[in-house]
Amino acid sequence: MKKFIKTKEMSMFIALAILCLIMTVSTSTFMTPYNIGIIARQISFIAIVAIGQTIVLLTGGIDLSVGSIAGLSGILCSLLMTKMHVDTLSIIFISLVLGIILGCVNGILIGRLKLNAFIVTLAMGEIYGGLILVITRGYPILDLPESFAFLGQGMIGLVPVPVIFMLVITVVIAYILENTPFGRNIYAVGGNSVAAKLAGIKVENVTLYVYMLSGMFASFSGLLLTSRMNAGQPTIGSSWVMPSVTAAIIGGTSLSGGEGTIIGTIIGAAFMGVLANGIVLLNISSYWERVITGAVVIIAVVIDLLRKIRSQKE
Amino acid sequence: MKSSYIFEVKNITKEFPGVRALDNVTLYIRPGEIHSIIGENGAGKSTLMNIIYGILQPTSGELFFNGEKITIDSPKKAQKLGIGFMPQELNLVPQLSVEENILLGHYPLRRKVFLDKKEQRRIVSDLLARIDPHIKADTIVRDLSAAHKQLVQLARAILFDTKILILDEPTSSLTSDEIEHLFDIIESFRKAGNSVIYISHKLNEVQRLSDTITVLRDGHNVATLDPKTATVEDMISNMIGRKAEYKNEKRDYSYKDKKVVLSVKDFSRKKEFQKINFDLYEGEILGIAGLVGSGRTELAKAIYGYTVPDSGTLLVEGKKTINKHPQEAIKKYLAYVPEERRQEGIFPILTVTENIALPSLNKFCKYQIINKKSLRKVIDEYISKLKIKVQSQDEKIAHLSGGNQQKAILSRWLLSGSRILILDEPTRGIDVNAKAEIHDLLRTLAASGLSIIVISSEMEEILSLSDRIIVMNEGEIKGELLASSASQENILKLAFKH
């Protein structure tokens, strides 16, 4: 805990708290259970994708196919449910496996064949995205089973179900990254891949696994959003790629690898969610949202740079 | 007053934090002469060339060009004066053509904006005609042979009206035919009245080519020799000086009754090393001496499985094997500590604890979950046992001094239980105290039964640590010595052998 106070996660958390404070003071509608519930549900979809993205970024890679994986998974699962009447529990399992398979293709191309991560995931994203249109011809898939709606729309007590998924995944992945050899190897590969190989780490395997995980979380999040929208929309996930990277960066993850935490990413996603919500509540034109988010990223990166310069001087 | 020298270096001293790389060095270059500079690794040759070419600034001292005092504050200034430099490590852009590489940064222009392609072609064909008519101006550099790449670099160095050409180890990657061709070019360059500063470890070439030889040792110039009278032996004895011969307490070492733990048989890897055979005995420190570029690092990496040899076998504790990945080597209790500590050894942004524990994390795991408490306890033991100076276990390793980083890396392999350590330049860039501590540690480890291979370009380190020494040059083992019969002189003779 003592460590946490000095970290960049903490400074982002303070920034988030200040933002919430400003919102609470300037509007009467922000700090209500209803509004907080809306924000939490909204960020949970993107946060789950961003967790996978963070794991990839930690190894020094990037996954630009998360949006298309989410969309393709949403569509395929919708088809399975409407045409073959697969039940909700099985569909969760199927979507996870599907995501792992789609991510596995990225992982093999990047890890084994040593292709550039940016290009591979960009191209695979195009392929998966194109397949969505081939399958759906642009029409949504409707008439999903009623019981399925619980995943994205349900509440347990006061808490929306997707938020619970987000919290569970956050805790589990944060624990794995911090306390298992697999987690520490991810940081090692991103910190110095040559040294990692010389220390006996199979870099190509670690690379494979992180893209599989990223695919899995993207796919699962796509399923949750499908449930939330009550339809297999062809556009699901298409706007998730950059926000998933942005949330990680705001939360302190380094694009060059080896640095960053899941907690930071969740804070980053929350910051973006509160910002988007605030823009609506303050009656600012929603066109400003992207301008402000972009500025926040620049400010976060500059603050981080200043902190690094200061720590070098010490 | 016109000087009879084209270039003079007078009393140049260069200090880096903690070291004096050059101390009062003086050098006179005549027009139309080939002036060789020789010395051991670290004698100050590169520093001196970097000062002449304007990459480094001297702490004190003066430079004269044609008798006129000058300062050279950038490579651009050096080029303007007519100084060309061909570095040992080529810096060509592989994706660009020969022509573009030669003219890089100095494209002739029309109306100050547009590339003058005709003029470009004219300049480059003139140059290539002088150097090697077989090289075509529009070939992409990536597709050239190593020798032709080098000639392109040479063409770039003499692009300007070059009067002084600096060549740093130009023949290290050339075949004998290619070397002859290069010598012809150098000779015709000289005949035109220009001067060459020639740096090389190949003393036979130096003797054949030079008009004057300057010997550097530990940043001093110790001798100026005339190649007509000086022999290769003279050069070597000047390079190592009349320093007190190294005392080695291991005079009565014998491996006769010892167990072989590692045996390298017929190891070859194209362009790196050929037909390497040697044994490592239990509890022994085996030194591998040789010049930079003699294939020692490449050999170590192939034994360790970072690369895979083209042919040959490895016997670890009598078992025939070949390592295809470092992980396999580590399982057989091998360890490799790389020469490039920052690039290949440490994880700079991770903590000291993680840097030490990474390969051994599984030992501290139950159901794949790390027991951090017991890990921290063990790391603390290593920190105090090896006297690693840290504020806490969670300090980033990048904040540590080189010596402490190296101790952490040694801890890494002791923790993982390694029985055979391969150390590549273990004390490079490490201060005197930490160096002595690391040497003591290695002796203690060997005495406790670990087997250690030390690759070092530092003669004193090799001589004071090793029980036995093998000497490599040009990818081959040139000889083997027992520490009791080894001296700087006979090691260097082997290292320069062809």
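This is a predicted model: local features need pLDDT of at least 70, side-chain atom pairs count only at pLDDT 80 or more; totals for chains, interfaces and linings use all residues.
Trainee: What percentage of the 314 residues of chain A count as buried?

Mentor: Residues are numbered from 1 along each chain as its sequence is written; chains are lettered from A and ligands numbered from 1 in the order in which they are written. A residue is buried if 20 or more other C-beta atoms, placed from the backbone, lie within 10 Å of its own, exposed if 12 or fewer, and partly exposed in between. For chain A, the buried share of the 314 residues is 50%.

Trainee: Which element of chain B has the highest mean pLDDT?

Mentor: Chain B averages a pLDDT of 88, and 97% of its residues score at least 70. Among its elements, helix H8(B), residues 232-240, has the lowest mean, 83. The highest mean, 96, belongs to strand E18(B).

Trainee: How many nonpolar residues has the side of chain B that touches chain A?

Mentor: Counting C-beta atoms placed from the backbone and within 7 Å as a contact, chain B gives 24 residues and chain A gives 17. Helix H10 (326-331), helix H11 (341-345) and strand E20 (369-370) of chain B each give two or more residues to that side. Six of the residues on the chain B side are polar and two are charged (Asp, Glu, Lys and Arg), while the number of nonpolar ones is 16.

Trainee: What distance separates the centres of the two domains of chain B?

Mentor: An automatic or database assignment divides chain B into domain 1 (7-240) and domain 2 (260-495). Six residues of domain 1 and eight residues of domain 2 take part in their contact. Over C-alpha atoms, the centres of the domains lie apart by 35 Å.

Trainee: Which residue takes a positive phi in the hairpin of E23(B) and E24(B)?

Mentor: E23(B), residues 468-473, pairs (at least two DSSP bridges) with E24(B), residues 476-482, in the antiparallel sense over six bridges. Met472(B) stands opposite Ile477(B) in E24(B). Two residues lie between the strands, and the positive phi, near 50°, is that of Glu474(B).

Terms used
Two residues are in contact if their C-beta atoms, placed from the backbone, lie within 7 Å. Helices (H or I, at least four residues) and strands (E, at least two) are DSSP runs, numbered from the N terminus. pLDDT is the predictor's confidence in each residue, from 0 to 100.
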